[in-house]
Amino acid sequence: MSNLNRSFRRDHKILSVGAAAALVLGLTACGASASASEELTLYGSTITKDDALAERLPAEWKAGITVPVKVLRPSAFVDEKGETVGLQPDLVRALGAKWGIPVTVEPVGFDGHVPGVLAGKYAFTVSTGDHEQRRAVLDMVDYIKAGVAWLTTNDSDIQTKDDICGHNIGVIKGTDQEMRAEEKVKECDEMGVSGTTVNAFSNTLITVPLEAGRIDVAYDSVAFMLYVAENEADKFRMVGDTEMLAPIAFGVEKGEQEKVDLLKDTLQSLQDDGTYDMVIEEWKQQELALDGVYVNGEGMPEF
């Protein structure tokens, strides 16, 4: 990554997507914390405490914070040492380094994120899509784009999104992708192409049934698909353009303006000093980077 020490990366070894499946899916609520420090070494670069930002910490954050993450590579996953790593843990630990406080990252089901913040269990959400309905209870500091994408195997005859018709689509059960895939089936039927089906899976990485030939094409988070296409290019490739939907944000309880401002200014600091770009590049998410810091999507360019 530019002139940084690429061989260092972290003090852990990243597992392949296939090899990590059992670890990721077996994870429940174990967390990984960083000790209180005035600096953090990330990819060979040092992030130091910013006293001006640290002075603005709310009283309940000064001893350290816990934040929830959704387990989906490369956003957050467990490495071979049992540590929670990924783009989101890196970003929130960088925030903690700027504030000089320890951060505990807790993998937890998405349905526990917002209630956990409202109950005071978590400082802020990390994996929350900035949708209008969520702004009723949270203020959102946007930090990355999100969407969905299609993935198939290298030997597949699927070259474009139109070719998906007549094939078996794989999705994760209960996600927006499942509903959107059903809409694709209707679209294919209207085009006069029959035989398009949707197969929904639970407790698995969608690349597992794809590689096994149980499905012809997978439909999942664009962040995950970009990561797989980059790191397992010998097996998989993306189909068509990505479909951007909404930004992902740090979400704090509605009306906590001081926390919103602190998160916004600290994230801006991480953008200004290059840390944000380092994290984005490390996890192969350059296509999803934002060019600024936005609150509740205000002023954000269309994507």
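I began with helix α9, which is mostly covered, since six of its eight residues are buried. Buried here means under 20% relative accessible area, exposed over 50%, and partly exposed in between (1.4 Å probe, protein chains only). The helix runs over residues 275-282. Helices are DSSP runs of H or I with at least four residues, strands are runs of E with at least two, and both are numbered from the N terminus.

I noted the ground rules next: this is a predicted model, where local features need pLDDT of at least 70 and side-chain atom pairs count only at pLDDT 80 or more, while totals for chains, interfaces and linings use all residues. Residues are numbered from 1 along each chain as its sequence is written, and side-chain values use heavy atoms, with hydrogens and water left out.

**α9 in place**

I listed the buried residues of α9: Thr-275, Tyr-276, Met-278, Val-279, Ile-280 and Glu-282. They pack against β2 (39-42), β3 (45-48), α3, β9, α8 (257-272) and β14 (289-295). Just after the helix, I found Lys-284 with a positive phi of about 60°.

**α3 against α9**

I looked up how α3 (residues 87-99) packs on α9: the angle is about 165° and the axes are 9 Å apart. Axes are lines fitted to C-alpha atoms, for helices over the stretch in contact, and angles run from 0 to 180 degrees between N-to-C directions. α3 and α9 are therefore roughly antiparallel. Angles over 145 degrees count that way, under 35 as roughly parallel, 65 to 115 as roughly perpendicular and the rest as oblique. I also noted that the crossing is right-handed, meaning that the near helix is turned clockwise from the far one by less than a right angle.

Which residues meet? Leu-87, Asp-90, Leu-91 and Ala-94 in α3 meet Thr-275, Tyr-276, Val-279 and Ile-280 in α9. By class I have six nonpolar, one polar and one charged. Ala, Val, Leu, Ile, Met, Phe, Trp, Tyr, Cys and Pro count as nonpolar, Asp, Glu, Lys and Arg as charged, and the others, Gly among them, as polar. An α-helix has 3.6 residues a turn, so residues three or four places apart point the same way.

**α3 against α8**

I turned to α8. The axes of α3 and α8 come within 10 Å and cross at roughly 100°. The two helices are therefore roughly perpendicular. Leu-91, Ala-94, Leu-95, Lys-98 and Trp-99 in α3 meet Leu-262, Leu-263, Thr-266, Leu-267, Ser-269 and Leu-270 in α8. This contact has eight nonpolar, two polar and one charged residues.

**Two strand residues**

I checked Phe-250 in strand β13 (residues 236-253). Is Phe-250 buried or exposed? At 1% relative accessibility, Phe-250 counts as buried. Beyond its neighbours within four places in sequence, its contacts (heavy atoms within 4.5 Å) include Val-92, Leu-95, Leu-263 and Leu-267.

I then checked Leu-138 in strand β9 (residues 138-153). At 0% relative accessibility, Leu-138 counts as buried. Its C-alpha atom is 4.6 Å from that of Glu-253, 115 residues apart along the chain.

**Whole chain**

The chain has nine helices and 14 strands. Of its 303 residues, 52% count as buried. Among contacts between residues at least 6 apart in sequence, 78% join residues at least 24 apart.
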